Amino acid sequence: MSNRTLIRGGLVITAAEETYADVLIEDGRIAALAASGSEAARAWTAERVIDATDKYVIPGGVDAHTHMEFPFGGTASSDTFETGTRAAAWGGTTTIVDFAVQSVGRSLREGLDAYHAKTDGTCAIDYAFHMIVSDVDESSLKEMDGLVGEGVTSFKLFTAYPGVFYSDDGKILRAMQKAATNGALIMMHAENGIAIDVLVQQALARGDTDPRHHGEVRRALLEAEATHRVIQLARVAEAPLYVVHVSAEEAVAELAAARDKGLPVFGETCPQYLFLSTDNLAEPDFEGAKYVCSTPLRPREHQAALWRGLRTDDLQVVSTDHCPFCFTGQKELGRGDFSKIPNGLPGVENRMDLLHQAVVDGRITRRRWIEIACAAPARMFGFYGKKGTIAPGADADVVIYDPAAEQTMSAATHHMNVDYSAYEGKRVRGQVETVLSRGELVLERREFRGRAGHGAFVPRGLTQYVN
Ligand code: DUC
Ligand code: ZN
Ligand code: ZN
Ligand code: ZN
């Protein structure tokens, strides 16, 4: 006996088209679409029928950059995989790609196994892993091949955080050369961490200890320099490259120049760089600590270049870099020394709504919304078709979205396990109403119906992006 759900009467939006269609779901997958009211659609029956009249029917969001339970600065991000994936579902995201971490002196295998242990039985939605490589040597390079075979097909390295995650240019080049042979995608955190650390020490010595100095020492030029450098290293290695959390106008220019040459260089930005700025870092009474992340928030003038990059496809993906730390007890570790503020912002629940507001504001089209939030991240990381679209054969990860609902973002109503909202008081139009993950209800008219352990590991293929 099959298990069928029918979604009737909504506007189905994918990255490719918008059409009023009924969607038939069977055994966890999209079985068929047919024009609403058509003879074919009227003939369908199902155990569950969802009325989507006046609503959007969109693919579940794919957030390709989250950090649940992430060890950082002597503490760990405050969302567990259980609380973080639940909050993601509330915000219309049905797949996250989180980061398994290799510790220095340990193998990739140990790092990956630890993350499988954290996620087994805890996630409300599906998840995949990138692997953070902290220790590039012969054995970890060899291990990369094995991980690709297990569906962990992307590896993040850092030009920042000397002594923690940092890799020098030789190590980065070697990882890129490995990626060129096994098809993996190298993701780079591009900021010149060596130079930044000098500026950090100079600022602290001057007594410049407030959160706003975090934004000042992590100079846009040092993001641009590192972006330029990793692009050249990827060219030498003949490997594709994905630059994470791009925030500076000058870094977008480096990506655009590379793409104009036809190079397989890709970029991601995050809602915090599109909607927040150094004004937030300068909030009084240490409140600026809530907005400390790396790369840092930039002066508002940089936002136009990011929006333009998203329209021109010089930036392909918007993910959150969700890495929440409570203000009380965690952000406060950096009182009197901004360099001790754990880096990261909450946002996994807010991304789809903030980007919908950009549609309302005329910054992007509805289809571009779905492209940058669902389709492109799935394609970039090798699981488009299964995720990121509504088409026969795809997993039935579907969101019924009410474009007319109004909401005010607030820590009082959000579901992330963190004691503040980066968007407190922000009013937006649009809200997630119902969420299906592989055909099962996770959210039903804003009642949570999900469960820890429904979410499954998604082994990924190689990147489906060419240029
Ligand atoms: N940046 C952050 O803001 N948090 C976690 C790691 C990172 O690179
Ligand atoms: Zn990073
Ligand atoms: Zn600038
Ligand atoms: Zn990150």
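Let's start just after helix H12, where Asp-313 takes a positive phi of about 70 degrees.

Before going on, a word on what you are looking at. This is a predicted model, in which local features need pLDDT of at least 70, side-chain atom pairs count only at pLDDT 80 or more, and totals for chains, interfaces and linings use all residues. Residues are numbered from 1 along each chain as its sequence is written, while chains are lettered from A and ligands numbered from 1 in the order in which they are written. The average pLDDT, which is the predictor's confidence in each residue from 0 to 100, is 98 for this protein, and 100% of the residues score at least 70. The predictor also gives the complex an ipTM of 0.88 and a pTM of 0.98.

Now back to H12, which covers residues 303-312. Which of its residues are buried? They are Ala-305, Leu-306, Gly-309 and Leu-310. Buried here means that 20 or more other C-beta atoms lie within 10 Å of the residue's own; exposed means 12 or fewer, partly exposed is in between, and the C-beta atoms are placed from the backbone. Looking down the axis of H12, the buried residues fall within an arc of 140 degrees, so they line one face of the helix. That arc is taken from the directions from the helix axis to the C-beta atoms. On the other side of H12, Ala-304 and Thr-312 are exposed. And what covers the buried residues? The cover includes helix H9 (249-260), strand E14 (265-269), helix H10 (271-275) and H14.

H14 comes back when we turn to the core. A nonpolar core is a set of buried Ala, Val, Leu, Ile, Met, Phe, Trp, Tyr and Cys residues joined through C-beta atoms within 7 Å. The largest one has 142 residues, and those with the most contacts inside it are Val-23, Ile-186 and Leu-241. Helix H14 (residues 366-380) gives the largest share of this core, 9 residues. In soluble globular proteins, nonpolar side chains tend to be buried together. Take Ile-186: setting aside residues up to four places away in sequence, Ile-186 touches Phe-155, Leu-157, Ala-175, Met-176, Ala-179, Ala-234, Ala-239 and Leu-241. A contact means that two C-beta atoms, placed from the backbone, lie within 7 Å.

Next, the sheets. Two strands count as paired if DSSP finds at least two bridges between them. There is an open sheet of 8 strands in the order E6-E9-E10-E11-E12-E13-E14-E15, with parallel pairing. Strand E6 (61-66) and strand E15 (317-318) stand at the edges with a single partner strand each, so one side of each is left without a neighbour in the sheet. Further in, strand E10 (residues 126-132) runs parallel to E11, and 2 bridges join them; Met-131 stands opposite Phe-155 in E11.

For antiparallel pairing, look at strand E16 (residues 398-408), which is joined by 4 bridges to strand E5 (residues 56-59). Here Tyr-56 has Tyr-401 of E16 as its bridge partner. E16 also runs antiparallel to strand E17 (residues 427-437), with 8 bridges between them, and Asp-402 has Gln-431 in E17 as its bridge partner.

Let me stop at Lys-156, in strand E11 (residues 154-158). What does UniProt place at Lys-156? The unreviewed entry has the feature "modified residue: N6-carboxylysine" there. UniProt positions are in the numbering used here, feature names are shortened, and annotations may be inferred rather than shown by experiment. Why does Lys-156 count as buried? Because Lys-156 has 22 C-beta neighbours inside 10 Å. Apart from neighbours within four places in sequence, Lys-156 is in contact with Phe-99, His-130, Ile-132, Met-187, His-189 and Val-244.

One more residue: Ala-64, found in strand E6. Ala-64 is buried, with 27 other C-beta atoms within 10 Å. Not counting residues up to four places away in sequence, Ala-64 touches Val-97, Val-317, Ser-319, Pro-377, Met-380 and Phe-381.
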